[in-house]
Amino acid sequence: MTRPEAVVTGIGMVTSVGTTPAEVHAAMCEGRSGLSRPAEGHPAAGALEVGAFAPPIDPASLLPATEARVVDRYIILALRAAADALADADLQVGRDVDPYRIAVILSGTGGLATLEAQVVLRTQKGRLGVSPYLLPGMLPNMGAARVAIKYGIRGYVSSSGTACAAGGQAIGEALRLLRADEADIVVAGCSEAPLFPTLADTFGNARALARGWADDPTGASRPFDRRRNGLVLGEGAGVFVLERKDFADARGAAAHADVLGWGVTNDAHHPTTPRPDGEGARECMRRALADSGLTPADIGYLNAHGTSTKLGDAAEALAVRALFGAETPPVSSTKAVTGHMLGASGVVESAVCVQTLRTGQLPPTHNLDDPDPDCELDHIRKDPRAAAVEHVMSNSFGFGGHNVSVVYGRPSTRRTRTA
């Protein structure tokens, strides 16, 4: 039996460099950085040297005023991205799809800033200082739940707790649901709002953050570069609307891309560091290719996880060489301009992959001035590379050893998006 093919019909996002795929892709190609010092008065000022700050969003534009006051920013980012994705797909639940045949898989770390604020209030005021709305305001499933509530989505609703791999995993799980004919449409993505003092402090104390870039914040994230010394935390959200190809064709939806396959593994090595030999990542990419029915030679562009950490970048580069051989596909990490949006990175970077298919412009890794010999790959540097590619891959790796790779191809629906 032929498995139903999945297609991307809607994309929504909120990032420090734009709120549409075209804006974000252009920023990456042009080197327009979203990295900056925290503004005066920002909660992260004093804790973060450099961050990637998404634009402000009025919660009242997305929720009733009484509810808007009690939800974490990660939920607001999720709702904004989901609204844009559904509008991009020209999709209305009930009109275009049975509410029980549409699913939501929307992940994220949750509202830790809200939890922190409530702990402070409890310390100051005692038990009665804690808001009764704490849980619906901060639980990690509430991004998915709020999207379901807002749009009347009554099918499968879930969230994945796989850290920085969560966005990629949401897309892969969506593909699994569609192939199993358990849904006609899946709203899949991730939202993260980590720019607050406690999370910044724990990353900083673990020496995971880029250091010494206060005078040049745009140079702080430099994946695969010899001078890299840590990641830059970013906030943002990315949401895809994915549909079975036959369902999209039946309703006349125009697709951005096909979702061809995915792979998932675990390093089973360490809570925070990758396997030095890159074996888990290599096997993850191999499985994604096998699931897509492709060979390594078919991949025309790889958007790497590339966080700008010493161990992570080197392990990923080793894994890519082990799978693809000496002639690797063109590779870049776009976190050089967006920072690391944790789980949301996988969705935003998948959108960048989709844009490369549409435009033929492969974005470079900015700040890659002196490539580390341990990270030898076919790096795209300085300027975008023009190439008419047919298949692309996006990597997302997370704390806990989670590895996810997703493969996309040119859209095969009757209607497709134009560049």
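In strand β9, A6 has V259 as its bridge partner.

Reader: Happy to start there, but what should I know about the model first?

Author: This is a predicted model, in which local features need pLDDT of at least 70, side-chain atom pairs count only at pLDDT 80 or more, and totals for chains, interfaces and linings use all residues. Residues are numbered from 1 along each chain as its sequence is written, and side-chain values use heavy atoms, with hydrogens and water left out.

Reader: Which strands pair with β1?

Author: Helices (H or I, at least four residues) and strands (E, at least two) are DSSP runs, numbered from the N terminus. Two strands pair if DSSP finds at least two bridges between them. Here β1 runs antiparallel to β9 (residues 257–266), joined by three bridges. With β7 (residues 236–244), β1 pairs over eight bridges, again in the antiparallel sense. There, V7 stands opposite E243.

Reader: Is β1 buried or exposed?

Author: Buried means under 20% relative accessible area, exposed over 50%, and partly exposed in between (1.4 Å probe, protein chains only). Nine of the nine residues of β1 (residues 6–14) are buried, so the strand is largely enclosed by the rest of the structure.

Reader: How do I read the span of helix α3?

Author: The expected span is 1.5 Å times one less than the number of residues. Helix α3 (residues 73–88) has 16 residues and reaches 23 Å from first C-alpha to last, close to the expected 22 Å. Its buried residues include Y74, I75 and L86. With contact meaning heavy atoms within 4.5 Å, the buried residues of α3 pack against elements including β1, β6 (185–192) and β7.

Reader: And what lines the largest pocket?

Author: On a 1 Å grid over the protein atoms alone, a pocket is an open set of points where a 1.4 Å probe fits, with protein on both sides within 12 Å along at least five of seven lines; lining residues have an atom within 4 Å of a point. The largest pocket has 40 lining residues, with L231, T272, T273, T309 and F399 nearest its centre. Helix α11 gives the most, five residues.
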